[in-house]
Amino acid sequence: IIQFVRALWSFSDVVAMASLATIDISDDDDDKVECELVLSTLTTSGWPFDGGSGSEKLSAEHMMRADEAIALQLQREEEELAAAARARISSSASPCKKPRYTNGEVLNAIACGPAAAAISGESAPLVPEAPSLCPDAVALLRGCLERASDAARSEIYLCGPTSFFFQPCRGWGGNLRKTAQSSYAPCAQEIAAGGVADRRYDHRPTDEDKWSCGYRNIQMLVSHLLMRDPARSVFPSLFGGVVPDVSSLQRELDRLWASGYDPPGREQLGGFVSGTKRWIGTSEACVLLRGQGVRCNIITFQGARAGVESDAAVAAEAVVERALRHFRGSCGGEPQSPSAPRGVQTSAQPPLYLQHDGHSRTIVGVQRRYEAGGKHVDFLLVLDPGLGAGGLKGFEEAARQGRGWERFVKRSLAPLRRKADYELLVVEADRGLLSPQEMDIARSVQRHV
C-alpha cells in the first residue's frame, strides 16, 4: 500500500507540472497563493487534493519547482509575443532596442535603416501626459507587502511615491481562462493613445503599442523625481515640473541628439524618433535625463556566453544583488545579519530602469525572504508598463482582496535567468544635479558622471 501511494504521489507531480503550463499568470511567489494554485491544478486534473482535512501537503521542494515552471512558462510566452511584435514592427522601419557590448561598454546598438536628416536643436513646448490612474503605485504595493505573511522574515525595500504609466493595451483579464469585461473601462490615457480595443483576454500591449515601454518607464522615473521630498529634492523643475507625454519625450530626444548627445545612438536609431514607433532603451532614457541635469549612469550585466544557463544565472543574480544594494543603501544594516532590518523599509533611492532584449520595466524595490537553514529567496518588485489599464485594475482588486497581487509586481530569479544580458539605468539622486562641466561630459552615455 505504501509503495502504491508513493507511486500515485510521484505521478501527481508530473500531472501538476504539466498542468501548470496552462495557467497563464506571472511568477506568483507567495507561499500560500502558490499552494492554492497547485492544489487547484491537481484537483482539476482528477486528484482529490483539495487542501481540506486529511489532504496531502506539498513539500517546499515541490513548491519551488512549481514556481519556476510558472515563471519560465510566462517568460517563454512573453518572448514569443515580443518576437512576433518585432517581426511585424520591423516591416514599418521600427527597430527593436537591443544592447550591444564591445570591450565591456554599452554602445546602444539598434538594428535600423540609414540615418535621416538632422533634426532642429530648437526646444519645443512639453505637453503633459494625461493624469495617471494610479498616482502612487508604490503606496498600493506597500500596503500589500505590509500585510503579507512573509513580511516578518524578509528584508523589503521600497522607493518613495511613484506614479504608474502604462502602454495602451487591450485590457487585462487575468489570463486565468477568465474574462474581466465587467471590471474594465477605457481610461483617458488609452483613449488619447488610440489603444482601446477588445478587452476580453490579452493583458499585454497591442501590436501597435509594444514599442512604448521605454517611454512609460521614463515617465515613471520622472514622476518619482518630481514627487520627492521638496525639502531635499533637487528636481522640482524637472521637465518644467510635469511628466511629458510620449510625443514630447520624442521631440526632446531629437533635440538633445541634435545638440551632440550620444551620436552613435542617434545614428543607430535612424537619426530621429519623433512621430515613429521606434523602440528606445537605457541609452535614450539616459540622454533624456542627463539633458535635464539628472546624474544617471548605465550599468551593464552581460553573460559571457549567450544561451548558456550558468552565465544567465550569474547575470540575473548580479542584477538582483545590485538592486538590493541600491535600495538598501539608505536604510543601513548588513545582509543576513541581526542588523539587517525586517519588514518594509522606505528607501531614499529612486527607482531603477531595467532593460533586457524586448522589454523594460521599472524596479521600485527588492524583497529578500529568509528561509530555514540560512537560505534566502530574492524578488524584484516591479511596475510593468505592459500591464495596461486592465492590469492596473486587476492589481488594485487583488490588493483589496489581499491575495493574488504578487503576480502583478513580484519577479523571482527564475524568469530573469532566461536572459543573459541586462542593463540598469541608475539615477544618483543624492549626488545632486550635474555641473556645467559635467553636462559636457554627459553627452557621451558611456562616460560616468
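How many bridges join strand β6 (residues 352–356) to β7, and in which sense do the two strands run?

Modeller: Strands β6 and β7 are joined by 5 bridges and run antiparallel. This is a predicted model, in which local features need pLDDT of at least 70 and side-chain atom pairs count only at pLDDT 80 or more, while totals for chains, interfaces and linings use all residues. Residues are numbered from 1 along each chain as its sequence is written, and side-chain values use heavy atoms, with hydrogens and water left out. Helices (H or I, at least four residues) and strands (E, at least two) are DSSP runs numbered from the N terminus, and two strands pair if DSSP finds at least two bridges between them.

In the pairing asked about, Gln355 has Ser360 of β7 as its bridge partner, and Leu354 stands opposite Arg361. The two strands form a hairpin with 2 residues between them, and Gly358 in the turn has a positive phi of about 105 degrees.

Strand β6 also pairs with strand β10 (residues 421–427), over 4 bridges and in the antiparallel sense. There Gln355 stands opposite Glu423. Of the 5 residues of β6, 5 are buried, where buried means under 20% relative accessible area, exposed over 50% and partly exposed in between, with a 1.4 Å probe and protein chains only. In a regular strand, side chains alternate between the two faces of the sheet. Both faces of β6 are covered, with Leu352, Leu354 and His356 on one side and Tyr353 and Gln355 on the other.

Strand β7 (residues 359–370) has 12 of its 12 residues buried, so it is largely enclosed by the rest of the structure. It is joined to strand β3 (residues 154–158) by 5 bridges, again antiparallel, and Gly365 is the bridge partner of Leu158. A further 8 bridges join β7 to strand β8 (residues 376–383), also antiparallel. Thr362 has Leu383 in β8 as its bridge partner. Strands β7 and β8 form a hairpin with 5 residues between them, and Gly373 in the turn has a positive phi of about 80 degrees.

Next come the aromatic rings. The structure holds 3 aromatic pairs; rings of Phe, Tyr and Trp (its six-membered ring) pair if their centres lie within 6.5 Å, and planes under 30 degrees apart count as stacked, over 60 as edge-to-face and the rest as tilted. One of them joins Phe164 and Phe166, with ring centres 5.9 Å apart and planes at 35 degrees, so the pair is tilted. Phe164 is buried, with a relative accessible area of 3%, and Phe166 is buried at 0%. Phe395 and Phe408 have ring centres 6.0 Å apart and planes at 40 degrees, so this pair is tilted too. Phe395 lies in helix α11 (residues 388–401) and Phe408 in helix α12 (residues 406–409), so the pair ties together parts that are 13 residues apart in sequence. Phe395 is buried at 4% relative accessible area, and Phe408 counts as buried at 2%.

Finally, for helix α9, 9 of its 9 residues are buried, among them Thr282, Cys286 and Arg290.
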